[in-house]
Amino acid sequence: MKSRKLLLYLCIIFSIILSTGYTQTRFHKQLRPRNKNYLHHQKIRQLNDGLPLHKKSQKYAVDQILVKFKPSVKSQSIKTTLAVYNAKLLKKIPIGNIYQVQIPEGTTVEEMVYYMSQNANVEYAGPNFIAHITVTPNDTFFDYQYALYNSGQDIGVPGSPQGKNRADIKATAAWEESKGGEEVIIAIIDTGVDLEHPDLVNKIISSGRDFVNDDLDATDDNSHGTFVAGIAAAETNNNEGVAGVAWNCKILPIKCIDEEGTGFYSWIIEGIYWAVDNNASVINLSIGGLETDPGLEDALKYAFDNDIVVVAAAGNEAEPVLYPAAYTEYCLAVAASDYDDNRVSWSNYGPEIDVAAPGERIVGCVPAWFWGPGSIPYAFGSGTSYASPHVAGFAALIKSSKDWLTAAEIMNIICYSADDVNSTEHPGKDDYIGYGRINMEKALVPLIITN
Amino acid sequence: MRYIKKLFAVVLIFAFAPGLLFPQYQELSTERSIKFKPGIGFEYLNRTLDWGDDNTSKLNSYLFTLNAEIEIQDRISLSAIAGYSLSSFDKLLFKQLPFSIELDTGNIGGYLFGSELNFKIYNFNDFEIKARGQFIYYIATKKEWAIPGLSVSGNVTGKPNWWRIIAGPQITYTGFDYFYPYIFISYSDLRGTYSMEQSIEDLSGKEDKKIVSLGNICAAIGTYYELTDYLNIKAEILIIPNETSLDFSFILGTLFSF
């Protein structure tokens with residue numbers, strides 16, 4: 001009995017020793033980085049290979065930190081403190097009394113920040129973070145597009161109106177997070193689109209559908225639809241013309257308005273159904289009529305039920321909101337704001353208004369024939385028609401980032417992220433700009449929650 | 001829910017085991033075969049977490065524990081652990097919510113439950129080899145934060161939980177009086193979930209983010225110190241290397257012997 005017990009103990013001991021040996025062998029492979037030189041080389045290799053499991057975009061310098069010492073600390077004490085941590089002074093920013101410090105090899109930024117923060121002489125220690133320029137496209141007329149980024153610039157030739165700094169939809173910050181996806185299609189139900197326009201030709205997925213002439217060629221014979229399409233999704237960062245709100249999203253042209261700028265409700269209804277059945281994710285309707293129509297409402301409901309976001313212009317008569325925008329359950333009604341973040345006086349109003357977007361003095365695309373030979377195919381224009389595609393492009397970016405969201409959810413995100421720019425006179429949701437002027441950054445860039 | 005109930009039942013069994021065994025202990029204690037050792041402990045825990053999509057962050061946790069250890073025949077000891085923890089998850093991104101959020105909220109308080117098993121295997125001259133394993137489960141109290149900057153009011157509610165298992169052989173040198181240094185080579189895994197709910201008027205969403213620790217092989221050095229016949233102190237530093245950094249934890253504990 002004793003010998004069996006002894007044998008059992010021997011087996012257990014033997015297996016433990018074996019497993020310990022195996023564990024230690026593996027562990028030694030892991031431990032090797034404790035050798036400082038090895039760690040240094042490994043870090044460099046990881047960075048160069050792009051293999052680390054950190055976020056791909058580097059947030060801060062990996063070999064240095066910033067330290068601010070308390071004002072009472074003498075320079076000799078600072079030197080001593082740095083020496084204690086084996087840290088090397090790289091540079092001092094005199095006015096801020098901030099020291100840029102190289103951390104010793106084998107120590108991470110997090111560890112060094114932690115150690116330094118514990119020191120009684122130190123007021124603050126943190127990583128040397130890396131800032132990036134915000135996304136600014138190189139399109140020729142981007143400086144005129146105050147709606148996307150408003151620095152208070154002249155909007156047009158010198159002497160033109162100047163905007164108020166940051167009275168814009170925060171597009172450049174939002175583009176850091178999302179520039180949209182090619183799979184997201186914005187249907188432009190309008191006068192058609194110039195299919196050969198240099199800023200649109202690569203964004204149009206097909207020649208579309210023409211319900212006015214009943215064919216498959218939605219070429220624009222008015223200019224309105226081309227302008228609208230350009231605002232929503234002109235080719236961006238192509239050294240040409242204007243930037244679109246939805247950089248990478250595609251355009252589906254649908255012609256339901258004739259060259260005079262009018263169209264039957266039947267054409268519009270057909271256009272909405274056709275857009276839904278042809279994989280549109282967002283529909284822009286920069287059109288409107290005074291009359292209600294159950295058929296039009298049913299078409300909007302069909303789009304809504306298929307999780308397609310419908311955005312419509314409120315109208316430009318300083319009167320009640322037009323239809324389809326007034327069908328507020330199924331579409332977003334968009335009012336117009338200007339370069340000072342004020343509501344434009346001609347923008348229609350009413351309880352149906354959901355949000356506002358810039359619609360005054362907007363630069364956009366026009367068909368090549370519009371100005372005639374030798375002219376550039378761009379123009380300034382005003383109207384809720386041009387406010388609406390800002391919102392349509394915005395909806396397309398949200399859809400690109402979070403394709404699981406329903407139409408209702410995207411509509412709510414657009415409303416809840418808006419800036420209540422008229423809160424002094426009309427706090428909260430009001431009849432003039434609804435929840436406020438849209439703010440793409442708030443909806444697309446993660447909101448920081450602190451205690 | 002069923003999982004939590006089962007876990008809770010196990011924890012209760014461990015917690016009450018010393019009490020249930022106490023009469024036996026009184027009888028056997030004269031033979032020194034069963035000892036009851038209540039204690040208190042503190043651990044600082046620093047682990048790199050992988051949240052998927054190449055996102056990593058640091059878990060910094062302060063664990064304050066009450067231990068009830070029962071030692072049988074100077075060979076096996078089993079502890080029930082309960083306590084409180086403050087856990088900070090650094091900068092966390094939740095991008096599956098209607099509004100993406102980055103959480104930078106510091107520590108979240110929560111409760112700890114767990115148990116530890118030590119099993120002495122072999123004594124060789126002044127060395128003692130034992131197997132040691134510990135399981136800890138942390139569940140936070142729900143915490144709510146307002147979402148800033150929206151045109152309507154809204155909030156997010158976060159509730160993290162994690163469990164950690166650590167097991168391996170420990171070699172203790174028993175040649176000194178009162179002072180017993182040891183090394184502990186172990187496998188450690190830490191996993192869990194951070195549940196975040198968002199509610200903004202009629203807009204709502206929920207995201208469960210899975211936590212997985214980076215690095216599983218750990219090495220620790222530590223020591224027991226017999227301050228008196230009735231009071232032991234334990235201190236341990238554990239390091240966990242991983243692909244991105246060197247994590248560590250620090251343990252300080254006291255055990256009272258009866």
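Helix H7 (residues 265–277) and helix H8 (residues 294–305) of chain A pack with their axes 9 Å apart, at an angle of about 10°. Helices here are DSSP runs of H or I with at least four residues, strands are runs of E with at least two, and both are numbered from the N terminus. This is a predicted model, in which local features need pLDDT of at least 70 and side-chain atom pairs count only at pLDDT 80 or more, while totals for chains, interfaces and linings use all residues. Residues are numbered from 1 along each chain as its sequence is written, and chains are lettered from A and ligands numbered from 1 in the order in which they are written.

**The helix pair in chain A**

- H7(A) and H8(A) are therefore roughly parallel to each other (under 35 degrees counts as roughly parallel, over 145 as roughly antiparallel, 65 to 115 as roughly perpendicular and the rest as oblique).
- Axes are lines fitted to C-alpha atoms, for helices over the stretch in contact, and angles run from 0 to 180 degrees between N-to-C directions.
- From H7(A), A:Tyr265, A:Ile268, A:Ile269, A:Ile272, A:Tyr273 and A:Val276 meet A:Gly295, A:Leu296, A:Ala299, A:Leu300, A:Tyr302 and A:Ala303 of H8(A); contact requires C-beta atoms, placed from the backbone, within 7 Å.
- By class, the contact of H7(A) with H8(A) has 11 nonpolar residues, one polar and no charged (Ala, Val, Leu, Ile, Met, Phe, Trp, Tyr, Cys and Pro count as nonpolar, Asp, Glu, Lys and Arg as charged, and the others, Gly among them, as polar).

**The seven-stranded sheet of chain A**

- Seven strands of chain A make an open sheet with parallel pairing, in the order E6-E7-E5-E8-E9-E10-E11; strands pair if DSSP finds at least two bridges between them.
- At the edges are E6 and strand E11 (353–358) of chain A, each pairing on one side only.
- H7(A) packs on this sheet, touching E5, E6, strand E7 (250–255) and E8 of chain A, and its direction makes about 170° with that of E5(A).
- Three bridges link E5(A) to strand E8 (residues 282–285) of chain A in the parallel sense, and A:Ile188 has A:Asn284 in E8(A) as its bridge partner.

**A lysine to look for**

- A:Lys203 sits in the loop between strand E5 (185–190) and strand E6 (209–210) of chain A.
- With 24 other C-beta atoms within 10 Å, A:Lys203 is buried (buried takes 20 or more such atoms, exposed 12 or fewer, and partly exposed lies in between, with C-beta atoms placed from the backbone).
- Leaving aside residues up to four places away in sequence, A:Lys203 touches A:Ala233, A:Ala234, A:Glu235, A:Lys250 and A:Ile251.
- A:Leu252 is 49 residues from A:Lys203 in sequence, and their C-alpha atoms are 8.7 Å apart in space.

**Chain A overall**

- Chain A has 11 helices and 14 strands, and 46% of its 451 residues count as buried.

- An open sheet of three strands has the order E14(A)-E5(B)-E4(B), with mixed pairing.
- E4(B) is joined by three bridges to strand E5 (residues 101–104) of chain B, and these two run antiparallel; B:Phe94 has B:Ile101 in E5(B) as its bridge partner.
- Elsewhere in chain B, strand E10 (residues 179–200) runs antiparallel to strand E12 (residues 217–226), with nine bridges, and B:Ser186 stands opposite B:Cys218 in E12(B).
- E12(B) also joins strand E13 (residues 231–241) of chain B through eight bridges, running antiparallel.
- E12(B) and E13(B) form a hairpin with four residues between them, and B:Tyr225 stands opposite B:Ile233 in E13(B).

How values were computed: Two residues are in contact if their C-beta atoms, placed from the backbone, lie within 7 Å.
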